[in-house]
There are 2 protein chains.
Amino acid sequence: MKPSVGFIGLGLMGKPMSLNLLKAGFAVTVWNRTASRAEEVVAAGGTLATSAREVAANCDFLITIVSDPPALEEVLWGTNGQGGALSALKSGAIYMDSSTVSPDLARKIAAACAKQKVRFLDAPVTGGDWGARKGELLFMIGGDGETIKEAEPLLGVMGKKWFHLGPNGAGQTIKLAMNAILALQVEALAEAMALVSAAGLQPEKLVEVMQSSMARSGVLDVKSQNLLKGDYTPSFPLRLMLKDVNLAMELAKELGVTLPAVAAAQATYGAVKRDAKEDMDYSGVMRFWKK
Amino acid sequence: MKPSVGFIGLGLMGKPMSLNLLKAGFAVTVWNRTASRAEEVVAAGGTLATSAREVAANCDFLITIVSDPPALEEVLWGTNGQGGALSALKSGAIYMDSSTVSPDLARKIAAACAKQKVRFLDAPVTGGDWGARKGELLFMIGGDGETIKEAEPLLGVMGKKWFHLGPNGAGQTIKLAMNAILALQVEALAEAMALVSAAGLQPEKLVEVMQSSMARSGVLDVKSQNLLKGDYTPSFPLRLMLKDVNLAMELAKELGVTLPAVAAAQATYGAVKRDAKEDMDYSGVMRFWKK
């Protein structure tokens, strides 16, 4: 029998992920801080709960995907330690968090889960809203291999690949490293375009040469047109990329590792976010050079 | 009739490029600062000249590819303005420089050439020694379109693609932007691997996830194994990458453009070069974290 699924967080990623679970025949109970975002999921057969705690109390498999560590902590532990989802989870349940948070927070959640015999996976995703809609996300997972095996029927509906990377915290560590690389690749492209433009040449030419060379990349394929056209419609918002870069830098500090270029990107993304009036994609880092 | 070719600079790139011209039936006269490097080219049918000036005086089409701006200036203007190749070039000749130097130097050479009715192309290459051997280089060209048309029979022997990017200097500008991106992509990968390793995880896992994601890149394909294994056998030497990054930063300064992440990479590559006892590939920037 299929496990009953609880799903908390119906944002750009969570909504299509939960819709794919419904489409695959899972019974899904959902909750979102902004209730209106649940309408489409309810129309597709989802059950709307009145609180995160209610979702957790009534499922075999809980998934959360929220925007940042404070949002996740509020979902799990509630306000002032009251009404959080975590203590409502049933013994024997599996809880998988697909938010991007610090490895430390992932381990703290894992420890709290262990006390109530809940198995925890930190399983942040990559692949963007497009990957979420297509059911083609990648999951970077920290936790126990047996638990991942049990989660596979759900992982296969939401994603095309999943990687067991180590114990709890490993999924978040690899995710932070990945996003630091993506942030830097976009930063590199933006800096090079700024240089070429200042020299009076067309940055389109740079992109054309790169496509045929070793400088080709997924970032070039997906983001170069945004950078060239100044179209920063959010696919992955800059504020969330900056949050991830900040988390990577905090982790580096904890571990005593120097990351000079990531630090430079942190400053650039930070400056753009500070001046931004609207929400924008992280390719909007180009605004550092071109208003 | 095929133009007679002069070729100056028989390094990691120049040697296979000149061998491909010989194989295609061009008459090639060569010169190299270290004469022993010419042996293979002479054995393949090349004519060894006794000076750079002699090469220039006897060709319709001159190609130079040397390691840095001072080396190129010495070839072209000689020591104390005596014995350089440039003033020996015949009126009507074409001169193509495939070294990586500053756009300013390219424009200075173009101006000197124009005075003696020589047509100049700045045409730095990318594709590495492997691309040079296979005749699959990319040429980034600044100069006149008609001159490039005339150069095509030679370009097609040494390369698979060439891009007309603008007037003289444009080839060098795009090349510096390209190499700044490559330097930063390797830097990003090295920083992320350092973070993951410090967290006690295997950087191999990071590479595996990246291969399936938007973080995939030519750099990941070509350099990740070097970084993982600590094998820094020079393919493109770190000292030359640092030279190119330095040139990009000088250009940025001239143009009043801030490049925070390129500046960070400049410091990291610089620190590794300072401590390096042997020549190494630019993937050796990993030494900043892992001795």
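Reader: What makes the residues from chain A and chain B count as a contact?
Author: Contact means heavy atoms within 4.5 Å. By that rule 59 residues from chain A and 59 residues from chain B take part. This is a predicted model, in which local features need pLDDT of at least 70 and side-chain atom pairs count only at pLDDT 80 or more, while totals for chains, interfaces and linings use all residues. Residues are numbered from 1 along each chain as its sequence is written, chains are lettered from A and ligands numbered from 1 in the order written, and side-chain values use heavy atoms, with hydrogens and water left out.

Reader: How do you know what chain A and chain B bury between them?
Author: Buried area is the accessible area (1.4 Å probe) that two parts lose on being put together, summed over both. For chain A and chain B that comes to about 4900 Å², with 79% of it on carbon and sulfur atoms. Leu195(A), Val209(A) and Met214(A) supply 14% of what chain A buries against chain B, more than any other three residues.

Reader: Why is the relation between chain A and chain B called a two-fold axis?
Author: The copies are superposed by least squares on the C-alpha atoms of residues with pLDDT of at least 70 in both. A rotation of 180 degrees, with 0.0 Å of shift along its axis, puts chain A on chain B at an RMSD of 0.0 Å. That is the relation of a two-fold axis. Ser217(A) is the residue of chain A that comes closest to the axis, its C-alpha being at 2.0 Å.

Reader: Why do you say the copies meet through the same surface?
Author: Because 100% of the interface residues of chain A are also interface residues in chain B.

Reader: What makes Arg216(B) and Asp221(A) a salt bridge?
Author: The rule asks for a side-chain nitrogen of Lys or Arg within 4 Å of a carboxyl oxygen of Asp or Glu. Arg216(B) and Asp221(A) are at 3.4 Å, N to O, so they pass the cut-off. The rule finds 2 salt bridges across the interface of chain A and chain B. As for elements, α8(A) gives the largest share of the side of chain A that touches chain B, 18 residues; helices (H or I, at least four residues) and strands (E, at least two) are DSSP runs, numbered from the N terminus. By class, that side of chain A has 40 nonpolar, 10 polar and 9 charged residues. Here Ala, Val, Leu, Ile, Met, Phe, Trp, Tyr, Cys and Pro count as nonpolar, Asp, Glu, Lys and Arg as charged, and the others, Gly among them, as polar.

Reader: What makes up the interface of domain 1 and domain 2 in chain A?
Author: In chain A, 15 residues of domain 1 are in contact with 12 residues of domain 2. The two domains bury about 1100 Å² between them, 65% of it on carbon and sulfur atoms. Thr100(A), Pro103(A) and Met140(A) supply 37% of the area that domain 1 of chain A buries against domain 2 of chain A, more than any other three residues.

Reader: Why does the pair of Glu40(A) and Lys15(A) count as a salt bridge?
Author: Their side chains meet at 3.2 Å, N to O, so the pair is within the 4 Å of the rule. Glu40(A) sits in helix α2 (residues 39-43) and Lys15(A) in helix α1 (residues 14-23) of chain A, 25 residues apart.
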